[in-house]
Structures are given as structure tokens and as C-alpha cells.
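Please keep the sequence and the model in view while reading.

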Amino acid sequence: MALLAEAGIPVVGENRAQDLEAKHARFGDAFRWHFIGHLQSRKAPVVSRLCELCHSLSSESAAAKLTIPALVEVNLSGEPTKSGVSPEDLPRLLELYDDVRGLMTMPPATDDPEASRPWFARLRELAHAHGLRELSMGTSQDYRVAAEEGATFVRVGAVLWRE
């Protein structure tokens, strides 16, 4: 984290609320903070207090407790191990939360970045259909494809630490 601050990285994401609290206590205003992990409703107050944006709103209970702008996580692949609302349930969550800025997705794991393209294109189409401008998609292995498909946020981490 200190290296990121020294390099002038302005925004960091954290995927666990307890880690967010610990890192924020140490690095505080060195960054603008985003929450990128699964948002549990009991953790929403912590995320609201420390972050400027949540990338993973996916439940009514979390929506009731979150007080910052959010991206709705959409489980496009229908994988039971992934969080997110189904595309069919997206309109309902959009009705419940009045500060949704965009959408987020995690495609199925793959070694081929091109295999993520259809999922990213589908998320872009959903965002456009609902008048949303932000797209959080892509990780270290497929961020280039995500950017080509319109990502406004990519979640890179591992690529920063490779030698």
C-alpha cells in the first residue's frame, strides 16, 4: 500500500470489510477507497463510512443500509458460487436504490482473456439499456478486453506485483 501511495495511485479497492478498516486506519487519506468484494448488509455501514463507491451491491438488505453511490453486481453467467443479481432481477434492485452509477460483473474464470468478451459486452448492453454509465469489469488477466468493451473501472492487483 505504501508503494501505491508513493507511486501516486489515487484510488484503491478492497474486497473485505475487515481488511478495509485495517488498511484505512493505516493509510486513511492517502487514497480514495472503493469496496469491490461481496457486500454483506451488516458490513454496509463500514463501507459507507470509509468508501466513496461500492462496486458490489446485490441485495435488498444491503441496499437498505448502504449510503454511498454504488454499482450493482450482476451475475451474468448464473454461476452459483458468484454473487450478484440475475439480469432479470436487475430492474428491481435499481428501483430500490436511488444512487446506482453503473454495473459490475465477474465472468467465469478462464486463462483466455477473449473468453470474457461476451460477458463484458452483455454488461455494457445492460448498462446502456438502463441509462447507467459506469462499468466495473476486468481483472489482471482480462483488463485489456474489458477496456475495449467499455470498462470505466478495472480491478487489477496481481499484475502490479508480478516481477
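Glu60 is partly exposed, with a relative accessible area of 46%, where buried means under 20% relative accessible area, exposed over 50% and partly exposed in between (1.4 Å probe, protein chains only). The model is a predicted one, in which local features need pLDDT of at least 70 and side-chain atom pairs count only at pLDDT 80 or more, while totals for chains, interfaces and linings use all residues. Residues are numbered from 1 along each chain as its sequence is written, and side-chain values use heavy atoms, with hydrogens and water left out.

Glu60 forms a salt bridge with Arg92, their closest N and O atoms lying 3.7 Å apart; the term stands for a side-chain nitrogen of Lys or Arg within 4 Å of a carboxyl oxygen of Asp or Glu. This pair links distant parts of the chain, since Glu60 belongs to helix 4 (residues 60-65) and Arg92 to helix 5 (residues 90-96), 32 residues apart; helices (H or I, at least four residues) and strands (E, at least two) are DSSP runs, numbered from the N terminus. Arg92, too, is partly exposed, at a relative accessible area of 42%.

Across the whole structure, 11 salt bridges are found. One of them joins Arg49 to Glu21, with the closest N and O atoms 3.5 Å apart, and because Arg49 lies in helix 3 (residues 44-50) and Glu21 in helix 2 (residues 17-27), the pair ties together parts that are 28 residues apart in sequence. Arg49 counts as exposed at 56% relative accessibility, whereas Glu21 is partly exposed at 34%. Lys82 and Glu79 form another salt bridge, at 2.5 Å between the closest N and O atoms, and Glu114, Arg117, Arg124, Glu148 and Glu149 are linked in a network of such bridges.

Turning to the cysteines, a disulfide is taken as a pair of cysteine sulfur atoms within 2.5 Å, and the count by this rule is 0. The sulfur of Cys51 has its closest cysteine sulfur in Cys54, 7.6 Å away, which is too far for a bond. Both residues are buried, Cys51 at 7% relative accessibility and Cys54 at 0%.

Finally, Thr139 lies in strand 6 (residues 134-139) and is buried, with a relative accessible area of 16%. Its side chain is joined to that of Gln141 by a polar contact of 2.6 Å, that is, a pair of N or O atoms within 3.5 Å in which, within protein, one must be able to donate a hydrogen and the other to accept it, residues adjacent in sequence counting only if both atoms are side-chain atoms. Leaving aside residues up to four places away in sequence, Thr139 touches Met106, Arg155 and Val156, contact meaning heavy atoms within 4.5 Å.
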